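Please look at the sequence and the three-dimensional structure shown below before reading on. The paragraphs that follow lead from the single chain to the contact between the chains, and then to a few individual residues.

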2 protein chains.
Amino acid sequence: MIKELKEKILKEAIVVNDSMVKVDGFLNHRLNIEILQKMGTVFYEAFKEDHIDLILTIEASGIALAIMAAQKLNVPVLFAKKGNNTLHQENIYSTIVHSATKNIDTSIYISQDYLKKDMRVLIIDDFLAKGNAVFGLMNLIEKAEAECVGVCIAIEKGFEEGGKQIRAQGIKLVSCAVIDHIENGLVILRDE
Amino acid sequence: MIKELKEKILKEAIVVNDSMVKVDGFLNHRLNIEILQKMGTVFYEAFKEDHIDLILTIEASGIALAIMAAQKLNVPVLFAKKGNNTLHQENIYSTIVHSATKNIDTSIYISQDYLKKDMRVLIIDDFLAKGNAVFGLMNLIEKAEAECVGVCIAIEKGFEEGGKQIRAQGIKLVSCAVIDHIENGLVILRDE
């Protein structure tokens, strides 16, 4: 758990309801460079021995975090795009991701040129709840016959199933902060 | 002009037609950290004396570039979001941006909480053609009664009007590479 991130969440996160918080002040709209750098360092330390070839994230909020880790791991970032790309349907891997926050299905895709067979891929994203985005990215990795080496998350919702499911698959998951639950409009973080 | 960027454009840019190139290999889909860092340094050198308070960009491709400059200028990044945000209509500045590439109008918005009166703002974006995205961001800055101190661009299309119009307004514009024109499927860069 990163102390500054913990403090920021407790101070600035806006509780929308019992399962949703907004952290637009430092992660999802305005980007706090110092906290992002600290998270990038945590991700780097966790995966520096794992021979990562590529970081895979999803536009838009995952990009800044991915960049921070990529600078240290010295690998490129590939960000999955949202929407239907009619220009390149023959050269993409695509899948559907359900957003619980917005309650919509979104098509995401990557170019086959940049995710190749046997690449060792690290997934980075901002939030982990039910894990829909992460499982969507894993699906793209599988289609490319590449390997998902691990998953890095800024804020995990510990009361949702995503984290458990990823760990149950034997995949290394690093979360910089875990929300245990939300109670009477307050965020309760897990100490770990 | 950054040598490595110039080489990447000449080597990897895919010419779509006489006015459009794709640089998905290092800027718009896969992100090349080294080249992004060099561009961030160019932006930093150009604006390090200008007392920047905030970098403003637009999701998704502008974020990585903005982060690179923000790390050096030691300021936060605010990225304008696309789409209609029904949650916060009372607390946003919004405007419409026409995308010539996709031939669609997109609504972009920022929270009023993060762009305040008199802030000195640096705009960063990946491409500059007709300037629609930049003028949209300037419009948001104007609505907030903040100040646009300058504009930083990775690749300017010198044959489009955006760059001329920004310079004609007396606004400092820094482009890392300028495409003079596209001829018989080849990108011709401007030497400067």
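How many helices and strands make up the secondary structure of chain A? There are five helices and eleven strands in chain A; helices (H or I, at least four residues) and strands (E, at least two) are DSSP runs, numbered from the N terminus. This is a predicted model, in which local features need pLDDT of at least 70 and side-chain atom pairs count only at pLDDT 80 or more, while totals for chains, interfaces and linings use all residues. Residues are numbered from 1 along each chain as its sequence is written, and chains are lettered from A and ligands numbered from 1 in the order in which they are written.

Confidence in the model should be considered first. The pLDDT, the predictor's confidence in each residue on a scale from 0 to 100, averages 95 in chain A, where 97% of the residues score at least 70. Where pLDDT is low, the predicted coordinates should not be read in detail. For the complex, the predictor gives an ipTM of 0.95 and a pTM of 0.96.

The overall form of chain A comes next. Its C-alpha trace spans about 50 × 35 × 30 Å along the principal axes. The radius of gyration of chain A is 16 Å, close to the 16 Å that the globule rule gives for 192 residues, so chain A is as compact as a globular protein of that length. Here the radius is taken over C-alpha atoms, and the globule rule is 2.2 Å times the number of residues to the power 0.38. Of the 192 residues in chain A, 43% are buried. A residue is buried if 20 or more other C-beta atoms lie within 10 Å of its own, exposed if 12 or fewer, and partly exposed in between, with C-beta atoms placed from the backbone. Two residues are in contact if their C-beta atoms, placed from the backbone, lie within 7 Å. Among contacts in chain A between residues at least 6 apart in sequence, 62% join residues at least 24 apart.

The two chains also meet each other. In the interface, 20 residues of chain A are in contact with 20 residues of chain B. On the side of chain A that touches chain B, at least two residues each come from strand 3 (30-31), helix 3 (62-73) and strand 5 (77-82) of chain A. Helix 3 of chain A gives the most to this side, with five residues. By class, the side has twelve nonpolar, four polar and four charged residues; Ala, Val, Leu, Ile, Met, Phe, Trp, Tyr, Cys and Pro count as nonpolar, Asp, Glu, Lys and Arg as charged, and the others, Gly among them, as polar.

Strand pairing also links the chains. Two strands pair if DSSP finds at least two bridges between them. Strand 5 of chain A pairs in the antiparallel sense with strand 3 (residues 30-31) of chain B over two bridges, and L78(A) stands opposite R30(B).

The same surface serves both copies, since 100% of the contact residues of chain A recur in chain B.

A60(A) lies in the loop between strand 4 (54-58) and helix 3 of chain A. The peptide bond from E59(A) to A60(A) is cis, with omega near 0 degrees. In chain B, the peptide bond from E59(B) to A60(B) is likewise cis, with omega near 0 degrees.

Some loop residues have a positive phi. N184(A), in the loop between strand 10 (172-183) and strand 11 (186-189) of chain A, has a positive phi of about 50 degrees although it is not a glycine. With 7 C-beta neighbours inside 10 Å, N184(A) counts as exposed. H51(B), in the loop between helix 2 (33-47) and strand 4 of chain B, also has a positive phi of about 50 degrees without being a glycine. H51(B) is exposed, with 10 other C-beta atoms within 10 Å.
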